[in-house]
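These entries record what I looked up in the structure, in the order in which I took the topics.

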Amino acid sequence: MSPFRKNIIEVENLSKYFGNLKAVDNISFKVEKGSVFAFLGPNGAGKSTTIKMLTTLTKPSSGRINIDGVNCLENKSEIRKRFGIVFQDQSLDDELTAYENLNFHAAIYNVPKKLREQRIKFALNLVELSQRKNDFVKTFSGGMKRRLEIARGLIHHPLILFLDEPTLGLDPQTRNKIWEHIEELNQKENMTIFFTTHYMPEAEQMADKIAIIDYGKIIAQGTLAQLKKNTKSTSLEDSFLNLTGRSLREENATSIDRMRMRRRVFRR
Amino acid sequence: MSEAIYVMWLRQLKRYWRSKPRLIGSLAQPILFLIAFGFGFGPTFQKAGGGDYIQFLAPGIIAMTTLFTAMFSGIEVIWDRKFGFLKETLVAPVPRIYIMLGKTIGGATVAVIQGIVVLMLTLIVGFRPNVTLLPLAFLFLALIALFFTSFGIAIASKIEDMQAFPLIMNFIIMPLFFLSGALFPINGLPKPIEIIVRINPLHYGVEGLRNSLMGITGSYITVNILILLVLTAIMNIIGSLLFSKVEL
């Protein structure tokens with residue numbers, strides 16, 4: 001990696017509060033252009049809220065986001081031209097067919113007409129849904145919807161691709177194929193990849209840089225080697241667990257959880 | 001850029017055309033109203049010297065159908081939010097106003113089609129419109145449809161969950177319909193109620209639609225069209241502003 005690489009995402013002192021809850025608490029990080037950045041953390045740590053802020057879906061309570069030199073808060077439509085996103089939860093239209101969903105996407109994302117057919121065909125092949133392209137999405141299983149969702153994220157080739165737990169619930173074969181293609185986009189088109197995942201091996205293999213967020217704060221960031229060294233661990237999974245603890249998390253912490261959390265903080 | 005408007009419009013039409021149960025279900029209400037009110041109040045209306053009630057009622061029911069369909073198409077944004085599709089359109093690299101316009105025109109197209117279907121049904125019950133001003137009647141239908149689809153989108157942009165749905169139904173849509181002059185003539189109403197009817201945008205649509213279907217020309221046409229055009233433009237701007245501020 002050249003030391004002169006440009007930062008495509010710059011986040012400074014970013015926070016998001018929901019009432020008293022600090023979902024994201026004063027985080028800062030940079031993502032280099034053309035790199036693969038993994039954003040890890042336990043459930044409810046603030047990953048999705050951060051992605052929503054980066055993708056203009058939620059307004060930050062405070063802080064600054066710059067994407068490709070453009071301020072995210074001032075010029076939302078310019079920012080939206082620069083990224084694509086695969087959401088964590090469903091965002092397909094159930095009453096359209098698989099093909100129609102992709103075609104709709106290609107149209108509102110300004111994919112040139114000449115490229116559309118070819119990209120849609122390729123994406124459907126990649127996720128092995130070509131046979132079902134004229135079926136309504138409401139007839140699809142959860143895994144098939146997930147695959148279609150990813151296929152859709154790949155048909156317009158943005159500067160940055162956000163993937164919020166893209167491979168959740170997919171079998172290893174599909175996961176591998178999808179990552180192969182993402183890697184290809186990253187290398188051939190110099191597309192920056194920003195992703196969250198719970199599969200540590202994915203982050204281990206793919207990411208140039210890794211950041212770990214917990215309770216809204218970034219508690220570690222750096223290359224895989226740095227993280228392993230700093231936590232004296234042999235694998236990313238170990239360093240993740242060393243950093244975030246081994247207790248279970250819930251998506252929405254209950255008041256008892258928060259009490260436990262405070263107790264743990266005090267005990268430290 | 002304009003392609004975004006087109007695909008949003010097309011999506012709306014496809015969804016409408018494919019959901020046959022919804023299509024048929026939404027025709028049940030106007031038929032019921034037409035039969036219950038038409039045959040129920042018809043004789044009394046005639047005795048009071050109002051003439052054939054079906055002639056009076058049918059345009060009101062056609063307007064009602066368009067109102068309901070338009071509002072529901074607009075409020076569909078709440079569904080899109082609930083089922084996730086809204087996200088896909090919100091992060092799209094096109095100005096949100098195009099998304100909003102596409103949805104408005106799509107919803108309005110569906111509402112006009114529904115209105116025309118009901119117009120044909122009223123013919124079976126005995127409605128005999130004057131066809132000379134038919135294009136004008138369609139213009140009024142289109143204005144009603146555009147106004148209320150934008151209105152629905154404006155409401156849905158501020159409301160996050162489907163719980164609010166019966167509230168919208170009972171406190172906005174039903175009063176708009178009942179106090180528009182769709183069911184009864186407004187001359188002779190108590191003053192406060194007449195004022196309410198006169199500030200109801202639907203009133204100008206109903207009146208325009210009824211007169212043009214009866215072939216009555218006059219200055220009302222220009223006045224009503226102007227009022228509806230201005231209101232539709234304002235509502236569209238409000239809807240666009242609220243929609244462009246939608247967050248998840």
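**Entry 1. H6 and H9 of chain B.** I looked up how H6(B) and H9(B) pass each other: their axes come within 8 Å and cross at roughly 165°. An angle over 145 degrees counts as roughly antiparallel, and H6(B) is therefore roughly antiparallel to H9(B). I noted the crossing of H6(B) and H9(B) as left-handed. This is a predicted model, and I read the entries below accordingly.

I then listed the residues that meet. H6(B) contributes B:Leu136, B:Ala137, B:Phe140, B:Leu141, B:Leu143, B:Ile144 and B:Phe147. On the side of H9(B) I found B:Pro201, B:Leu202, B:Gly205, B:Gly208, B:Leu209, B:Ser212 and B:Leu213. By class, the contact of H6(B) with H9(B) holds 11 nonpolar, three polar and no charged residues.

**Entry 2. H9 of chain B by itself.** I checked the length of H9(B), which covers residues 201-214 and has 14 residues. From its first C-alpha to its last, H9(B) reaches 20 Å, close to the 20 Å expected at 1.5 Å a residue. How many of the residues of H9(B) are buried? I found 13 of the 14 to be buried, so H9(B) is largely enclosed by the rest of the structure. After the helix comes B:Gly215, and I recorded its phi as positive, near 75°.

**Entry 3. H6 and H10 of chain B.** I turned next to the pair H6(B) and H10(B), whose axes come within 8 Å and cross at roughly 25°. H6(B) and H10(B) are therefore roughly parallel to each other. Their crossing is left-handed. Among the residues of H6(B) that make this contact I noted B:Leu139, B:Leu146, B:Ser150, B:Phe151 and B:Lys158. From H10(B) the contacting residues include B:Ile221, B:Ile225, B:Leu229, B:Leu231 and B:Leu242. I counted the classes in the contact of H6(B) with H10(B) as 17 nonpolar, five polar and one charged.

**Entry 4. H10 of chain B by itself.** H10(B) covers residues 220-244, and its 25 residues should span 36 Å at 1.5 Å a residue. I found its end C-alpha atoms 35 Å apart, which agrees. Which residues of H10(B) are buried? I listed B:Asn224, B:Leu228, B:Thr232, B:Met235, B:Asn236, B:Gly239, B:Ser240 and B:Phe243. I set beside this list the general point that an α-helix has 3.6 residues a turn, so residues three or four places apart point the same way. What covers the buried residues of H10(B) includes H5, H6 and H9 of chain B.

**Entry 5. Chain B against chain A.** I looked up the contact of the two chains and found 21 residues of chain B in contact with 24 residues of chain A. H1 (2-18) and H4 (85-90) of chain B each supply at least two residues of the side that touches chain A. H1(B) gives the most to that side, with seven residues. I recorded the classes on the side of chain B that touches chain A as 11 nonpolar, two polar and eight charged.

**Entry 6. A:Ile79.** Is A:Ile79 buried or exposed? A residue is buried with 20 or more C-beta neighbours within 10 Å, and A:Ile79 has 23 and so counts as buried. Leaving aside neighbours within four places in sequence, I found A:Ile79 in contact with A:Thr56, A:Ile67, A:Val70 and A:Cys72. The C-alpha atoms of A:Ile79 and A:Gly69 are separated by 9.6 Å, with the two residues 10 residues apart along the chain.

Conventions
Residues are numbered from 1 along each chain as its sequence is written. Chains are lettered from A and ligands numbered from 1 in the order in which they are written. This is a predicted model: local features need pLDDT of at least 70, side-chain atom pairs count only at pLDDT 80 or more; totals for chains, interfaces and linings use all residues. A residue is buried if 20 or more other C-beta atoms lie within 10 Å of its own, exposed if 12 or fewer, and partly exposed in between; C-beta atoms are placed from the backbone. Two residues are in contact if their C-beta atoms, placed from the backbone, lie within 7 Å. Helices (H or I, at least four residues) and strands (E, at least two) are DSSP runs, numbered from the N terminus. The expected span of a helix is 1.5 Å times one less than its number of residues. Ala, Val, Leu, Ile, Met, Phe, Trp, Tyr, Cys and Pro count as nonpolar, Asp, Glu, Lys and Arg as charged, and the others, Gly among them, as polar. Axes are lines fitted to C-alpha atoms, for helices over the stretch in contact, and angles run from 0 to 180 degrees between N-to-C directions. Angles under 35 degrees count as roughly parallel, over 145 as roughly antiparallel, 65 to 115 as roughly perpendicular and the rest as oblique. A crossing is left-handed if the near helix is turned anticlockwise from the far one by less than a right angle, and right-handed if clockwise.
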